[in-house]
Amino acid sequence: MISLHEKVNIIGICEKENFSQINIAKYELLSNEIENYKEWLSFGYNADMEWMKKNLDKREDVGLIQENAKSVIVLAYNYNQSTIHESNENKISRYAWGDDYHNYIPKKLKRICKELEIIYPNEEFKYYVDTGAILEKQWGVKSGLGWQGKNSLLLNKKLGSYFFISVIITTLEVEHDDLLKDYCGKCTKCIDACPTNAIISDKVVDSTKCISYWTIESKSDSFPSDISENLEGWAFGCDICQEVCPWNNHRVPIQIEDFVNPRYGETVLDKETVFNYTEDDFKERYIKSPLKRPKHRGIKRNIIEIEKSK
Ligand code: B12
Ligand code: SF4
Ligand code: SF4
């Protein structure tokens with residue numbers, strides 16, 4: 001086990017890359033969590049995200065990803081900004097205003113791991129940010145970085161929920177942090193506000209009802225009517241269950257790094273412009289943005305679905 005001084009040093013290395021909070025979990029099997037996960041899959045709540053059925057063994061045991069794992073370092077990268085949506089038409093969810101975090105955060109994690117490998121040449125470090133079969137929110141809970149809110153997202157008293165989760169699985173034995181209490185209390189604001197009733201119960205989101213799934217992940221040509229009638233102007237992702245959360249409505253720190261700022265100052269999409277783009281125009285403008293995921297076709301579909309409900 002490394003000393004407390006060394007643990008503080010590791011946290012300092014992560015903070016240099018602008019992670020807002022870093023907590024440590026002890027390596028263990030996620031036995032209860034994987035049972036819940038399997039139950040979630042059995043209800044079909046993964047919609048057509050078939051990849052979620054794969055690598056269940058790794059999701060339960062990160063020791064199959066990093067042999068001899070001893071600790072999981074969990075890092076929060078805050079993407080909160082002071083900007084608000086400029087209108088209610090064709091809104092982009094907050095995490096997608098800037099450049100795609102998949103292009104930036106892995107580079108930060110790589111630099112951190114390189115530095116740690118120099119200090120601890122006999123230890124190994126593997127990093128992930130939405131890039132592997134890892135139950136990231138559950139590691140966030142295990143490390144005491146946050147608690148899982150009723151909207152199913154990881155919440156932190158200081159940061160709210162507008163942060164990305166990253167994990168570093170390591171053979172290094174670091175003193176772990178304590179679990180955090182659940183601060184949702186009797187609040188049910190997220191469940192009450194979800195326009196498609198996708199939050200089935202405490203911490204359980206049914207993707208087949210979630211606007212975020214339909215507008216980002218779904219490949220289908222159109223949406224079921226109970227979705228399109230309740231899109232509430234969301235053209236890419238959905239932040240309703242976060243916008244109403246009291247933990248996002250106090251003085252949450254603002255991210256200072258530029259890549260999270262709205263690209264072209266855009267927090268909503270202009271319908272005419274999107275429809276006038278050629279495929280090449282769309283690619284050129286959104287190649288570095290999360291909006292490339294559903295492609296031009298998917299973004300046009302989302303806007304058409306919003307129009308249907310008017
Ligand atoms: C698949 C996925 C989605 C899916 C499914 C959402 C979901 N809630 O799982 C969709 C496309 C809908 C989605 C949407 C969003 N996502 Co997403 N997503 C993921 C991903 C890749 C996997 C999550 C996962 O494993 N879900 C499976 C379910 C089963 O897990 P769970 O929600 O934690 O559920 C537990 C409980 O339900 C529990 N349970 C407890 N009791 C019971 C009882 C019963 C009966 C059942 C069935 C289950 C159950 O079992 C589960 C496992 O323990 C993660 C990245 C990662 N690798 O972890 C990002 C991630 C969760 N997403 C993220 C974000 C930002 C979003 C959006 C906010 C984006 C947006 N603005 O549109 C929305 C939020 C929607 C919401 N309220 O969840 C962030 C969240 C950061 C945070 N602070 O928590 C993550 C962590 C990515 C990252 N690295 O930062 N996402
Ligand atoms: S992201 Fe939107 S649709 Fe999905 S659970 Fe939250 S409020 Fe409901
Ligand atoms: S809105 Fe309320 S219940 Fe939902 S996650 Fe936030 S504090 Fe928890």
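The model is a predicted one, and every value below is computed from it. A buried aspartate that has no salt bridge, Asp-239, is treated separately.

**Ligand 1**

- Oxygen atoms of ligand 1 meet the protein backbone at several places: a backbone N or O atom of Leu-154 lies 2.7 Å from an oxygen atom of the ligand, a polar backbone atom of Lys-203 is 2.9 Å from one, and a backbone N or O atom of Ile-165 lies 3.0 Å from one.

**Ligands 2 and 3**

- Ligand 2 is surrounded by Cys-194, Thr-196, Ala-198, Ile-199, Cys-210, Ile-211, Cys-238, Ile-240 and Cys-241, and by class this shell has eight nonpolar residues, one polar residue and no charged residue.
- Around ligand 3 lie Gly-149, Lys-150, Asn-151, Leu-155, Cys-184, Cys-187, Lys-189, Cys-190, Cys-245, Pro-246 and Trp-247, a shell made up of seven nonpolar, two polar and two charged residues.
- The shell around ligand 3 takes at least three residues from each of domain 1 (4-87 + 96-170) and domain 2 (189-255 + 262-308).

- Side chains of opposite charge can pair when their charged atoms come close.
- Glu-17 and Lys-108 form a salt bridge in which the closest N and O atoms are 3.9 Å apart. Because Glu-17 sits in the loop between helix H1 (4-15) and strand E1 (21-26) while Lys-108 belongs to helix H4 (residues 105-119), the pair ties together parts that are 91 residues apart in sequence.
- Glu-217 and Arg-293 are joined by a salt bridge whose closest N and O atoms are 2.9 Å apart. Glu-217 lies in helix H7 (residues 211-217) and Arg-293 in the loop between helix H11 (279-286) and helix H12 (295-308), so this pair ties together parts that are 76 residues apart in sequence.
- With a relative accessible area of 18%, Glu-217 counts as buried, because the cut-off for buried is under 20%.
- Glu-35 and Lys-38 meet in a salt bridge at 3.7 Å, N to O, and both lie in helix H2 (residues 31-42), three residues apart, which is about one turn of the helix.
- Glu-35 is partly exposed at 46% relative accessibility, and Lys-38 is also partly exposed, with a relative accessible area of 37%.

**A buried aspartate without a salt bridge**

- Asp-239 is located in the loop between strand E10 (234-236) and helix H9 (240-243).
- Although Asp-239 is buried, it has no salt bridge, and the nearest side chain of opposite charge, that of Arg-94, is 4.8 Å away.
- The side chain of Asp-239 does, however, reach the backbone nitrogen of Arg-94, at 2.7 Å.

**Positive phi angles**

- Most residues other than glycine have a negative phi.
- Ser-152 has a positive phi, near 80 degrees; this residue is found in the loop between strand E5 (147-148) and strand E6 (154-155) and is buried, with a relative accessible area of 7%.
- Lys-295 likewise has a positive phi, near 65 degrees, but this residue is found in helix H12 and counts as exposed at 58% relative accessibility.

Definitions and conventions
Residues numbered from 1 in each chain as written. Chains lettered and ligands numbered in written order. Predicted model: local features only at pLDDT ≥ 70, side-chain atom pairs only at ≥ 80, totals over all residues. Heavy atoms only, no water. Near = heavy atom within 4 Å. Nonpolar A, V, L, I, M, F, W, Y, C, P; charged D, E, K, R; others polar. Domains from an automatic or database assignment. Helix = DSSP H or I, 4+ residues; strand = E, 2+ residues; numbered from the N terminus. Buried < 20%, exposed > 50% of the residue type's maximum accessible area, 1.4 Å probe, protein only. Lys, Arg positive; Asp, Glu negative; His and termini not counted. Salt bridge = Lys/Arg side-chain N within 4 Å of Asp/Glu carboxyl O. Polar contact = N/O pair within 3.5 Å; in protein donor to acceptor, adjacent residues only side chain to side chain.
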